[in-house]
Amino acid sequence: MSIDLGGLTLANPVMVASGCGGTGRELAAYVDLHELGAFVTRTITLNPRAGGPVPRILETPSGLVHAVGLQNPGLEPFLASELPQLVQQGARVVVSIAGTTLGEYAELARRLGRAPGVAAVEVNLSSPDAVASGVLDVREPFHAANVVAAVHRELPRGLPLLAKVRPDLIRVVESARTVLEAGAAAVVVGNALPAAMPDGRPAGLSGPAIRPLALRCVTEVRDALPDAAIVGCGGIADEADARSFLAAGATAVQVGTALLHDPTTAARLARALTTDREVIG
Amino acid sequence: MSPVAEPTTATRTPLHVTGELLATKKVGAYRHLTLVAPGVPERFRPGNFVAVSIGAPGSDTTRLARRAFWIHQVKPVGGYGPTLQLVVEPTGPGSQWLASLAPGARLEVTGPLGRPFALPKEPVSCLLVGEGYAAAPLFPLAERLRERGCAVNLLVAGADEAHLLSALEARRSARAVTVVTRDGSVGLRGEVADVVDDVLGRSQAAVVYAAGPLATLHAVAVAAEAHGAWSQTAVEQPLTCATGLCQGCPVPVVGEDGVARRVRACADGPVLRGDRVRWAELLGEAGEPR
Ligand SMILES: Cc1cc2nc3c(=O)[nH]c(=O)nc-3n(C[C@H](O)[C@H](O)[C@H](O)COP(=O)(O)OP(=O)(O)OC[C@H]3O[C@@H](n4cnc5c(N)ncnc54)[C@H](O)[C@@H]3O)c2cc1C
Ligand SMILES: Cc1cc2nc3c(=O)[nH]c(=O)nc-3n(C[C@H](O)[C@H](O)[C@H](O)COP(=O)(O)O)c2cc1C
Ligand code: FES
C-alpha cells in the first residue's frame, strides 16, 4: 500500500525534513534509506555556501534555535557526489532548493530535472533566516508563487514540485493556495518559525515547541483546500504526533529536530506507519 | 608522505542503544562512569566518542541536544562483557545530571562516533598531549601505539591536581610522562603551550596527538609544524546531534585539494590534521579560547 503525494509515490508517509538528515551517509547507519517514505536533502543552492558563524544551534526548552545559514556544497558537487550516493542507497530523493534570483531557481530546476534519481524537488520558500542569509525574499505569497512558477516551468512533466511554506497561521492558507495554483503538486506545512539567537541574529525555532502551531496550520490548510496534498512538518517526534498530523489531513509528515536528538526516529516512525497502512489499506 | 594511515569513517557504523550505568566513581574533579552499551565497545577505536541523551529514556524532560563524551577505556566487566568508561566533568546541567546518576540508571547512547586518531604506519616515536578530561581518549591510544612498537611520550595537563587524569595510570604505557598544572600543584607550573616545544624536542616525536581546549590544540599544532612532526588534533565544538546530521559544528579547514571549507567536527572530525585546521578562524569563531 503506497502513498500518492501529488504524483510522488512514497512507500510510507515518513520523510526526513530538509537539513536534518546530513548527506544521507550518516543516517544510513541507523536506517536503510529505502525504508523511508522519502529523504529531503538540505537546501541546495547554485553556488556553495559556507553557512553562518557559531554558535549555529542552541537548545531552548522544547526546541532548538538555529541559524545554519543554508551551508551546502553548491549544485555541482551535490550532483557529483551526494546525489549518486543517496540514489545508490535506494532513497526516494527529494532535493530542496533555494536561490538568490528567479534565474537561479530556474537553473537549479533545469539541472535537477535532468539528474537521474531525483524523485521530486522541494522549493524552500520559508527559511526563517533566509532574508538575512541572502536568498530571494519570498515572504509575500505572490513572490513565492513566482518562484514556484519559474521552477515548475523548467521541471520535466511528471517530476513533482513540493512547496515548503511558512507555518504562519495568518497567511498559510493564502500561501498554500497560491503555490498550488502556480504548479506545486503538494505543499509542505511548514518550516521552523522565525526566531532569534540570544545575540539577535535571525534564526529558526523548531522541535516540539512548534508542533501545536504546525498542526493548527495543517488543519487550516486542509479545511480551506480539501483537495490539496499536504505534508505536515514541525515538532513531530513520535508515532502519536505523526498520527495527529495525518488525522488533521496531512498525507505525509516530515521529521527534523527529533532526528537530531535520536537518529533512529525516522526508522521507528516509518515502520510503525507502514504496518498501519498495510493493515488498513 | 604522511606517516599515519588515515582511517576511513565508514568502516564501523555507530549504534544507537539503551545502555545501563554499571558503576560510578568520583576521581578528583571528575566522575568516572562505567556503562554497558551493547555493541558499542566492540566497535571502538581511540579518538571515538559517544553521544548521550540528557534525561531518562522516554521521559518528557530530555534535552534535545546530545552531549558528547570521549571513550576513555573499554574494559570487560564480569557478566557484562566489554563496557565503556567515560570521564565526566560536571559543569552544566547535562554533565551534572550524568554525574548524579546512580548505578542501574538507563541511558540513550549513540556510538562510537567520529573519526578516530590515525595510527602510524611505522613504529615511530609519538607524543600524546591531553588537557583536563580531554586526556581521556589518549590512554587507549597509548596502549594501541605501544602494541605497534611506538615509543609513547605523554604530556598531561590540567588546572590543578583534581583536573589531572591519572598520571599514575599513564606511566604504565608511556616511556616518558610530563605533567603540567596551571597552579603548579603537580609537575611543572604552567600551560601546555609553555612546555610543548621543549617536550617535543626531547621526544623526537614524528607524530603528535592532542586533545584539549582549542587554544591548547593550536599551540600543539604550531609546535608540531616547527619540529616537522605530524599532528592529530581532537577538536571539540558544541554539538547538537553529534551524528553528522545538522551542520551545527563547523570547523574551518583547508581540504586535501587546498580549498578552504568547513567540515563537521562530529562526523568529519573530531580528530583532524593539525596542519589542516584554520586555527585563527576557529579560535575567533569560538570566542575566547577556553
Ligand atoms: C567530541 C567531544 C568530546 C567530549 N568529551 C567530554 C568528556 O570526555 N568529558 C566531559 O566532561 N565533557 C566532554 N565534552 C563536553 C560535553 O559534551 C559537554 O559539552 C559538557 O559536559 C557540557 O554540557 P552541559 O550540559 O553540562 O553544559 P551546558 O553548558 O549546559 O552545555 C550546553 C550546550 O553547549 C554545548 N557545549 C558547551 N561547551 C561545549 C564544549 N566545550 N564542547 C562541546 N559542546 C559544548 C553542549 O553540548 C550543550 O549542547 C566533549 C565534547 C565534545 C564535542
Ligand atoms: C539544523 C536544522 C537545519 C535545517 N535546515 C533546513 C534547510 O536547509 N532547508 C529547509 O527547508 N529546512 C531546514 N530546516 C527546517 C526543517 O526541515 C523543519 O522544517 C523544521 O525544523 C520543523 O520541523 P521539526 O520541528 O521536525 O524540526 C532545518 C532545521 C534544523 C533544525
Ligand atoms: S553536531 Fe550535528 S552535524 Fe555535528
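A:Lys164 has a polar side-chain atom 2.8 Å from an oxygen atom of ligand 2. This is a polar contact, meaning a pair of N or O atoms within 3.5 Å. The model is predicted: local features need pLDDT of at least 70 and side-chain atom pairs pLDDT 80 or more, while totals for chains, interfaces and linings use all residues. Residues are numbered from 1 along each chain, chains are lettered from A and ligands numbered from 1 in the order written, and side-chain values use heavy atoms, without hydrogens and water.

Contacts of both ligands are listed here.

| Residue | Ligand and atom | Distance |
|---|---|---|
| A:Thr257, side-chain N or O | ligand 2, oxygen | 2.6 Å |
| A:Gly256, polar backbone atom | ligand 2, oxygen | 3.0 Å |
| B:Val87, polar backbone atom | ligand 1, nitrogen | 2.7 Å |
| B:Ser95, polar side-chain atom | ligand 1, oxygen | 2.5 Å |

Around ligand 2 there are 24 residues, counted if a heavy atom lies within 4 Å of the ligand. They come from chains A and B, so the site is shared between chains. By class, 10 are nonpolar, 13 polar and one charged; nonpolar means Ala, Val, Leu, Ile, Met, Phe, Trp, Tyr, Cys and Pro, charged means Asp, Glu, Lys and Arg, and the others, including Gly, are polar.

Ligand 1 is surrounded by 21 residues, B:Arg67 and B:Glu89 being among the closest. This shell has 11 nonpolar, five polar and five charged residues. Strand S5 (67–70) of chain B gives the most, with four residues; strands (E, at least two residues) are DSSP runs numbered from the N terminus.

How values were computed:
A polar contact is a pair of N or O atoms within 3.5 Å; within protein, one must be able to donate a hydrogen and the other to accept it, and residues adjacent in sequence count only if both atoms are side-chain atoms.
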